Amino acid sequence: MIRILEQLPNTYFVLYILLALTLVTHGVLVWKNVSIAKPFRFLVWGLFCTAIGVHLLHFFWRWSINEHAPIQSKHEVFAATALTTTIFSGLLYVGQKPWKMRGASALAGSVVFGLLIGVGSVAWTVAALHQDPKIQNLVPALQSYWFAPHVSSYMLGYGSLLIASFLALFYVIVESVCRFRGIRWTAGPIVERWTYRVTSMGFPFMTAALCMGALWADDSWGEYWFWDAKETWALISWAFFVVYLHLRYVPGWAGLKGQLVVISGGVMIWITYLWIHVLPASQASNHVYN
Amino acid sequence: MAARNRTPLGFGIILAFHLCVLAAGVLLQNLYIHASPFVFGVAANAAVTAAIVGAFFGRAFLWDVLRGFKSAAVLLTLLAASCIMGTLFIQDLDLRRVNVFESPEGFAKGGEGEGRYPEFVLNPTSTANFGNTQSGRFAIAQSFGIIKVFPSDELKAKLEEKVVLRGDQEARVERVAEVFGRSAAEARREAILNSKRREIERDAADRYAKRNFVSRNWAKKHIPNAEEHDVGWFGRFGLYDVWKWTRSLHVFDIFEAWWFYFLLGMIGINVIVGTIARAPWNLRDFGIVVTHAGIITILTGAFIDHCVAKEGYIHFTYGKPELQIASAIGDQKTKTYAHLPFQVRLDRYATEYYHELLVEVVDWDRNGDGKPRQESDENVFVVERTFPIRKDIALELLDGKIKIKVGAYEPRVFISSDIVDAGANAPLLPAAKLGLYISRESDQNLFLTRSTEPWLFAFDPKRSALEFRDSRFEYRYARSEEEYRRLLTTPPLPDNGALVLRGTDGEEQRIPVTLGESQTIRFGGRRVRVTFQSIRSAFAEEENVNLDSRLQRREEPWLYVEVDGTVLGVPRDDSDFVSAPPALKGATFRFDWNNPKDNGVRRIYRVVAAANQPPMLVQIGQDAGVRAEPLRRRMRVALHGLPGYLELAGLVRSATEKRVPKVVTDEEFLREGGDPKRDEALAAWVDLEITGPWPSIRRELTPFDRRLPYGEDKQGRPFVFLRLVKTRQTRDWFSVLSAIDKDGKVQKTHTVQVNSPLRYKGYRFFQATAGRDRDGFGVTGISVTYNPGVWYMYFGFLLLTTGTCWIFFFKPALDKRRRRRRNEARREAAA
């Protein structure tokens, strides 16, 4: 039984790859207007639900054998990011309905979502599979009721905002190529809207996580904010998305320039999330535990 | 437009003026006039610049610029940029984190860098430590203003003892005492301090003069505290003010910088103005107002906090009563001490560690490296796996062949133990683990390191005893009561050797040594009084010989004998005769002590254990007879003329011995006293059930139990060993703190853990750091905060979170519903 449960990450890894391929295939079918396109949609949904179900099963199984929420070791955190990436991709997919598009844009939309799953979820799963899955003990500072809500909010926030910056990167590449070649890209505003939708889904989680982090720090260290390296970088990445959300209302900033801000926000998250150990200030950080 | 065209010119003029002032300042300073005008020049120019800039933008700046989304974006980008800079530009971290305080109680405490730089920990009761302040790193830290040292009165007094006043100064002291009617001691003390102060000032002025190419007299006259002005290269080029000015920008601590606070203030104004001017004031969009109100609340709260809050550190040392009580906190930022309205006392401190289940699978034919096993090899464990312990969870081993189920798990128990914990690595036979230490405080083991404390086995003739110089340490296990008694009362060692006297005529006389007794002998026709004082190493007398080299030398015991009032040291070497005192004309001495039977052993330290008897330490010496006393963890022994300590690191009395674990409640934890130097008081306990190809077993396990064998191979040897091991990972630190009011009454007691502070009178005491001091005592760092306005911040966080959720979750949902309704209405209207 245990060995079966231990194989779950490999299972959802395969399922994510299949899901990405199915999404693209579905796009091709819609584009070519093949008659099985409609029933094929059920396969997409089935795979989607199975993959998320398997992932959630693994998540809760680990939670049941852990004494704490399984969002502590690198393995667990990467796996959780894969999960949130999938969830937000799914939500966006449901909300934006690319299969309702016509012709080549249906294919393009599906390819974007295939890339989101294929690059996002699969890559995070691969990252998780490369880490030691051993259950780890919590250091004293993490033994708090704030641990689960704070970290899971960040997982949700990071997952969604990294999707947003990925979409923005996609937008910027295509847009600049089109501008260079002098082609008019009609789907640009659609992708821009998708970026905004994902950002608006993840941003409240980022904000809540930031606030909860401050509350936790107050509970654990007696100060809600002390410009610790990780805190500061969390604020920096938050500030980038605030800038983006405000600049959307400034004429001329909604398109390419705004997307560049989102990309830099993604880079900031990336640094906060994975490269914080490299920073000189992190040597004194309270957030570096390993 | 015209103004814009003039901009470069205007700025060029200002820049040129700045450069002129700079040059003039340098010139003036080198002309021995202190260059303060330079600062005023810069300030005046800054004011002019600000006025010009202000004129460019006009009055409308506030409403036209600050209300915009773009200005919000710019300000936030500036914030992000400064934050990035703040985490990248860091002064030498090691120095930043070191603080040395002296509290009003008169003792010093180290800061966070304590563990890393023990030389920074000042203990003003010892002048030797004060000497460390002169060391290089400390001097650097001090010059950065990171460390401040305040010597206590006690230390000052100690320093005074070392100061010798000159003759004329002494005369002056007497006169002062006479004229002003003071006590001589007081006057003397004052004179010493004055002389010391003058000396310091003179040195500082000297240094300043040398570095800045000014005369010493000028430095003395114009720079009252030259030490502060000594700024190295900047000072050398007359750029002291530039240095001061760059320092005021706080490049290396941006989060403390005035301009950073200014930026935050601008963001606050921007948020207020923007919200008032632009926010859609209706209920649906009210989330926007709520969010921005949250940000303003947080910024205001931070400002209030900046004005009101207090914070600081207390470092308690568990095991040193004078360092277990505090009535002040040291603030790391201002490097000052603030008094608490009450006292805080550390009652108890302990570290709790995580425990893991270590499973070792044995291949009795091969070593761990896969090579065939040799007779002498011990490394037979092929597979070693550790499992974190989780209740009710089965662990699977060897592809599920063996299943281990943790039935019950108590992470915090006390193991009742009369002497010492042998640990899980203990052998299966009666054995004792001994360490020999040359002093009580130092951990300097005679066997080089702690880890080389050897195990002695009761029934292994080769490894039942070890010899160190003239002493033997052995472990004996009595299987019967009779044997136990015999081991406790073995008669003393037989032979003390003899003193051999040889006269010029070849006459030899042999006197058996009986220590401490005087006897009168006849030699060469004279009566001589001989007293045997002691047998010990000659080098023990020489204080200046390095202890290590003394111990490493192959020394021989000398006989110290008093002959007619003259003390002689007589070496053992039989070829070496010592000249006798003049009373015995031409006679020589020899210490004949070459007993091959006892191998030179003069003392035996015997640890005697038995199944149902208290373990004892028996000391057998030629001079001391036999003395048995109950065994304690650390006992005093003599190590070849030096006072030393025998430490018992582990004791196994019999293979069947079992310890009883006791689950600790919080109350008991408060009551029980722990050993300040060890963390072993707290342990874990599990109840395991092991199933597999062999008959299942169910067993309780503690870290102090020996390996639990399971299964067997063809020769009947265990297949798997299980142990509960203590990891190095901390599970929690416990500091039991009591708040004591001015009447000395304990008002509140709380076990402080990392996420559970002591709260009293608005102050909160948090577990912050933990470690050990140089003497091995547990040091617990408690951070103290006083922040009555924290609820205001909580409210701000609530507003911010609610507001964003409102904007991005509730409002879109409401919009969607409205759109659906409108569409329906439109459809109905169309129908």
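Of the 831 residues in chain B, 29% are buried. Keep in mind as you look around that this is a predicted model. The secondary structure of chain B consists of 20 helices and 34 strands. Now think about contacts in chain B between residues at least 6 apart in sequence: 55% of them join residues at least 24 apart.

Let's pick out one helix of chain B, α4, which covers residues 69-88.

Which residues of α4(B) are buried? Among them are B:Ser71, B:Ala72, B:Ala73, B:Leu75, B:Leu76 and B:Leu79. Further along the helix, the buried residues include B:Ala80, B:Cys83, B:Gly86 and B:Thr87. As you trace them, remember that an α-helix has 3.6 residues a turn, so residues three or four places apart point the same way.

Next, turn to the place where the two chains meet. Chain A brings 45 residues to the contact, and chain B brings 48. On the side of chain A that touches chain B, helices α1, α7 (188-220) and α8 (229-247) of chain A each supply at least two residues. That side of chain A is made up of 30 nonpolar, ten polar and five charged residues.

Finally, how confident is the prediction for chain A? The average pLDDT of chain A is 88, and 94% of its residues score at least 70. Among the elements of chain A, helix α6 (residues 147-181) has the highest mean pLDDT, 93, while helix α1 (residues 2-6) has the lowest, 76.

Notes: Residues are numbered from 1 along each chain as its sequence is written. Chains are lettered from A and ligands numbered from 1 in the order in which they are written. This is a predicted model: local features need pLDDT of at least 70, side-chain atom pairs count only at pLDDT 80 or more; totals for chains, interfaces and linings use all residues. pLDDT is the predictor's confidence in each residue, from 0 to 100. Helices (H or I, at least four residues) and strands (E, at least two) are DSSP runs, numbered from the N terminus. Two residues are in contact if their C-beta atoms, placed from the backbone, lie within 7 Å. Ala, Val, Leu, Ile, Met, Phe, Trp, Tyr, Cys and Pro count as nonpolar, Asp, Glu, Lys and Arg as charged, and the others, Gly among them, as polar. The expected span of a helix is 1.5 Å times one less than its number of residues. A residue is buried if 20 or more other C-beta atoms lie within 10 Å of its own, exposed if 12 or fewer, and partly exposed in between; C-beta atoms are placed from the backbone.
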